[in-house]
Amino acid sequence: MPTEANPHHYSNHTKDDTAISQIEDAVDFPHTGLIKALSLGIRGNFAIKDSITGFDITQSSSSSSAVVVEAGKIFRDGLLTPSTAQTTFAQSDFNNTANAHHLLVVDFTNTVRIRKFGDGGIYGSASNVVNKIPPYTERDTIIAIISFTTDGFNDMKVQYLTTGKIANSLSIGYATGSSPNQVYDQTMSITGGSGKTTLLSEENQVVLKLNGTGSSNAFQVTDSADQLQFAVKGDGTLETDLTASRALTTDASKNITASSVTSTELALLSGAAFGIGTNNILRANANLADNDFLRVDGTQIEGRTAAQTLSDIGAIDAAGAISAVEGEATLALAGSVTVAAGQTFTTPRLPTVSVSASTTLSEATHAGRYLICAGNVTLPPTSAAGVHFTILNTTGGNITVGRNGNNINNAASDITVATYNGVTCICIDASNNWIALGV
């Protein structure tokens with residue numbers, strides 16, 4: 001429990017009191033400590049009431065802890081500072097001469113200190129100065145006067161020079177009326193509250209005037225890490241922390257956010273005409289439905305069903321395509337045809353080709369056909385694996401199938417086809433070798 005509890009006002013000069021009264025006429029005589037504290041207070045340096053125990057003092061007879069001062073907060077130059085630390089002073093921090101006075105202050109580093117005569121500089125070298133209040137150091141904030149008496153340590157007298165300030169608001173106004181009868185007229189107030197700070201304007205306009213017209217003149221809003229969130233610049237431009245080169249939109253909560261539309265896309269939309277033309281915007285007409293194909297209709301886009309699209313381009317559907325193939329007398333396919341596994345392919349007949357004697361066979365003319373040969377024939381000099389020729393001898397004698405430099409049945413020999421007999425020659429590799437079936 002403290003021996004002197006901070007009353008949060010200018011107090012009696014007393015000791016051993018936890019309910020210290022206000023300064024009193026004919027008891028607490030004027031001294032320069034009062035003037036010094038008032039002077040600093042006008043400047044904006046004074047103790048405030050941030051807690052019940054702020055700057056409470058506990059005295060003891062211990063040489064190492066004669067005075068313990070609890071943590072507290074002050075205003076310095078009108079700005080609330082962080083809390084000071086609990087501070088302990090030894091007997092050696094005081095002048096132990098009767099009626100020696102000391103200033104308990106918070107210095108500019110937010111450290112609680114004792115100002116006393118004999119510390120050199122403005123405090124001189126004599127420590128036995130009595131009945132005088134020592135000066136303060138520039139930017140000090142005075143908390144109390146502590147006076148050494150004949151009662152010694154643990155009985156020093158304390159006079160608090162603190163305040164009970166628990167709130168701080170700001171009024172902005174101007175002089176209205178005619179001199180000498182002008183009066184104060186408030187135009188704005190700034191007040192604090194739980195979870196918010198309110199700027200209340202009592203006029204029609206709130207004007208924030210920058211000191212120039214360039215991009216370096218700016219009103220900025222930052223986050224707690226000093227990251228810019230929003231700025232209004234003197235040249236009329238706005239800067240934000242939103243994604244660059246994006247169009248702005250509002251979300252469901254009416255927050256402005258960056259959309260996926262890029263500035264390039266936005267530039268194309270800006271000023272673009274509707275209808276057919278370079279960089280113009282196309283609009284749908286009333287005939288567009290989901291899953292439609294699209295067709296330009298004058299200056300608009302219309303929807304077309306699959307059937308309409310086939311008609312538009314003169315095409316037929318799959319069923320129609322099969323019917324069309326079935327109706328063709330001949331069908332020449334440009335690519336390969338593969339029959340799926342487990343399926344069959346049926347052809348009632350193969351075409352026949354009459355081949356005169358001494359003909360060299362070719363894939364384009366003779367392969368995959370029945371060849372009615374009138375004499376000797378020769379296989380092509382080059383071919384591809386799988387090319388095959390079915391050679392039918394309808395003459396009254398034997399005919400020869402020339403190998404044309406390649407092997408037949410792994411032999412470098414021509415083969416003979418007897419009268420009214422046949423043979424099928426199949427190319428088996430890239431070396432143009434052949435296997436003959438039926439010989």
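These are my notebook entries on what I looked up in this structure, which is a predicted model.

**Entry on helix α1**

I began with α1 (32–43), which has twelve residues and reaches 17 Å from its first C-alpha to its last, close to the 16 Å expected at 1.5 Å a residue. I then asked which residues of α1 are buried, and I found G33, L34, K36, A37 and L40. They cover an arc of only 165° around the axis, which puts them on the same side of α1. What do the buried residues of α1 pack against? I noted that they pack against β9 (141–148) and β10 (157–160). On the face of α1 turned away from this buried side, I found the exposed residues I35 and I42. Just after α1, I came to G44, which takes a positive phi of about 110°.

**Entry on backbone angles**

I kept in mind that most residues other than glycine have a negative phi, and that most peptide bonds are trans. With that as background, I looked up H8, where phi is near 65°, a positive value in a residue other than glycine. H8 is found in the segment before α1, and I wrote it down as buried because its relative accessibility is 10%, where the cut-off for buried is under 20%. D226 also has a positive phi, about 65°, although it is not a glycine. I located D226 in the loop between β14 and β15, and with 64% relative accessibility D226 counts as exposed. Next I checked the peptide bond from S179 to P180, which is cis, with omega near 5°. P180 is found in the loop between β11 (170–176) and β12 (183–193).

**Entry on the nonpolar patch**

Which residues form a nonpolar patch on the surface? I listed L208, F219, V221, F230, V232 and L238, which together have about 510 Å² of accessible area. β14 (218–222) and β15 (228–233) each supply at least two residues of this patch.

**Entry on salt bridges**

Side chains of opposite charge can pair when their charged atoms come close. A search of the whole structure finds eleven salt bridges, and I followed several of them.

I took K15 and D151, which form a salt bridge with their closest N and O atoms 2.5 Å apart. K15 lies in the segment before α1 and D151 in the loop between β9 and β10, so the pair ties together parts that are 136 residues apart in sequence. I recorded K15 as partly exposed, with a relative accessible area of 25%, and D151 as partly exposed too, with a relative accessible area of 46%.

I then turned to E302 and R295, whose side chains meet in a salt bridge at 2.5 Å, N to O. Is E302 buried or exposed? At 6% relative accessibility, E302 counts as buried, whereas R295 counts as partly exposed at 33%.

Another pair I looked up is D312 and R304, with the closest N and O atoms of their salt bridge 2.8 Å apart. D312 is partly exposed, with a relative accessible area of 34%, while R304 is buried, with a relative accessible area of 15%. Finally, I noted that salt bridges that share partners join R43, D77, E138 and R139 into one network.

How values were computed:
Residues are numbered from 1 along each chain as its sequence is written. This is a predicted model: local features need pLDDT of at least 70, side-chain atom pairs count only at pLDDT 80 or more; totals for chains, interfaces and linings use all residues. Side-chain values use heavy atoms; hydrogens and water are left out. Patches are made of residues with over 30% relative accessible area and no salt bridge: like charges are joined within 9 Å, nonpolar side chains (Val, Leu, Ile, Met, Phe, Trp, Tyr) within 5 Å. Accessible areas come from the Shrake-Rupley method with a 1.4 Å probe; for residues, only the protein chains shown count as cover. A salt bridge is a side-chain nitrogen of Lys or Arg within 4 Å of a carboxyl oxygen of Asp or Glu. Helices (H or I, at least four residues) and strands (E, at least two) are DSSP runs, numbered from the N terminus. Buried means under 20% relative accessible area, exposed over 50%, partly exposed in between (1.4 Å probe, protein chains only). The expected span of a helix is 1.5 Å times one less than its number of residues. The arc is that of the directions from the helix axis to the C-beta atoms. Contact means heavy atoms within 4.5 Å.
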